[in-house]
Amino acid sequence: MTAVDEVRRTIERLRREVCDLHAELTRYGLVVWTAGNVSARVPGEDALVIKPSGVAYDALTPAAIVVTDLHGNLLDGDLSPSSDTAAHAYVYRHRPDVNGIVHTHSTYATAWAARGEPIPCTLTMIADEFGGEIPVGPFALIGDDSIGRGIVETLAQSRSDAVLMRNHGVFAVGASAKAAVKAAVMCEDVARTVHISRQIGEPVPIAPEDVDRLYARYKNIYGQQAGERELR
Ligand SMILES: O=C(CO)[C@@H](O)[C@H](O)COP(=O)(O)O
């Protein structure tokens with residue numbers, strides 16, 4: 001198999017994976033209508049695969065997923081790339097460890113984003129998954145790389161793989177697109193629980209040294225196999 005064939009096969013695989021992961025967003029109730037998007041980096045290439053803009057989730061097929069360069073220019077596909085492509089591309093250019101990105105407007109997490117308030121580390125699940133509070137990023141207009149800059153700058157000061165972009169919604173990153181989707185699912189779950197907790201009182205923060213211990217255990221010990229650990 002030539003190197004070109006190999007890249008082609010990788011892109012086909014990623015198109016299928018990213019298409020299937022969009023179905024997880026609807027399965028977990030993280031998006032409505034055509035909101036949200038998932039992308040994956042094409043390993044070894046200056047390219048990414050991403051949802052086309054404004055296409056209904058039920059109409060998404062692997063062939064509909066588009067390929068762009070890491071500046072958002074269309075390389076392959078019949079449809080216009082997601083409105084957030086420049087944001088995703090910026091993150092891939094500045095975070096070589098990130099291979100997948102997801103954006104949602106999931107209800108509870110986005111309610112925190114509307115308030116511009118980080119989700120405090122008041123649950124072991126938050127310490128495990130995010131290593132501290134889930135931070136808020138700046139307000140940024142949609143369409144260029146402003147959102148990407150806000151994501152990179154905010155996550156540089158945090159262990160979290162998710163950021164609540166102010167007045168907008170969740171962006172989550174990961175070592176794979178599946179890991180990013182998992183972070184978005186977890187983000188919504190803890191946003192909901194902490195919100196409900198606040199209806200009956202003030203949630204109690206976890207001590208920073210315990211947050212560190214929980215995070216280290218979850219990242220290094222929890223689960224079964226190295227392959228699964230990549231999700232963390
Ligand atoms: O947040 C926004 C726009 O407010 C977008 O992320 C939409 O939620 C989905 O846009 P496309 O990916 O379909 O262009």
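View 1. Helices (H or I, at least four residues) and strands (E, at least two) are DSSP runs, numbered from the N terminus. This is a predicted model, in which local features need pLDDT of at least 70 and side-chain atom pairs count only at pLDDT 80 or more, while totals for chains, interfaces and linings use all residues. Residues are numbered from 1 along each chain as its sequence is written. In H1, Ile11, Leu14, Arg15, Val18, Leu21, His22 and Leu25 are buried. A residue is buried if 20 or more other C-beta atoms lie within 10 Å of its own, exposed if 12 or fewer, and partly exposed in between, with C-beta atoms placed from the backbone. The buried residues of H1 pack against E1, E2 (47-50), E3 (66-69), E5 and helix H6 (177-199). Just after H1, glycine 29 takes a positive phi of about 70°.

**View 2. Strand E5 and its pairing partners.** Five of the five residues of strand E5 (residues 100-104) are buried. Gly100, Val102 and Thr104 point one way from E5, whereas Ile101 and His103 point the other way. Strand E1 (residues 37-42) pairs with E5 in the antiparallel sense over four bridges; two strands pair if DSSP finds at least two bridges between them. Histidine 103 in E5 is the bridge partner of asparagine 37. Strand E8 (residues 169-174) also runs antiparallel to E5, joined to it by five bridges. Here glycine 100 stands opposite glycine 174 in E8.

View 3. The residues around the ligand include Asn37 and His103, together with Lys51, Asp84 and Ile142. The shell divides into two nonpolar, eight polar and two charged residues. Ala, Val, Leu, Ile, Met, Phe, Trp, Tyr, Cys and Pro count as nonpolar, Asp, Glu, Lys and Arg as charged, and the others, Gly among them, as polar.

**View 4. Methionine 125 in helix H4.** Methionine 125 lies in helix H4 (residues 124-130). Methionine 125 counts as partly exposed because it has 15 C-beta neighbours inside 10 Å. The C-alpha atoms of methionine 125 and valine 102 are separated by 20 Å.

Definitions and conventions. A residue is near a molecule or strand if its C-beta atom, placed from the backbone, lies within 6 Å of it. Two residues are in contact if their C-beta atoms, placed from the backbone, lie within 7 Å.
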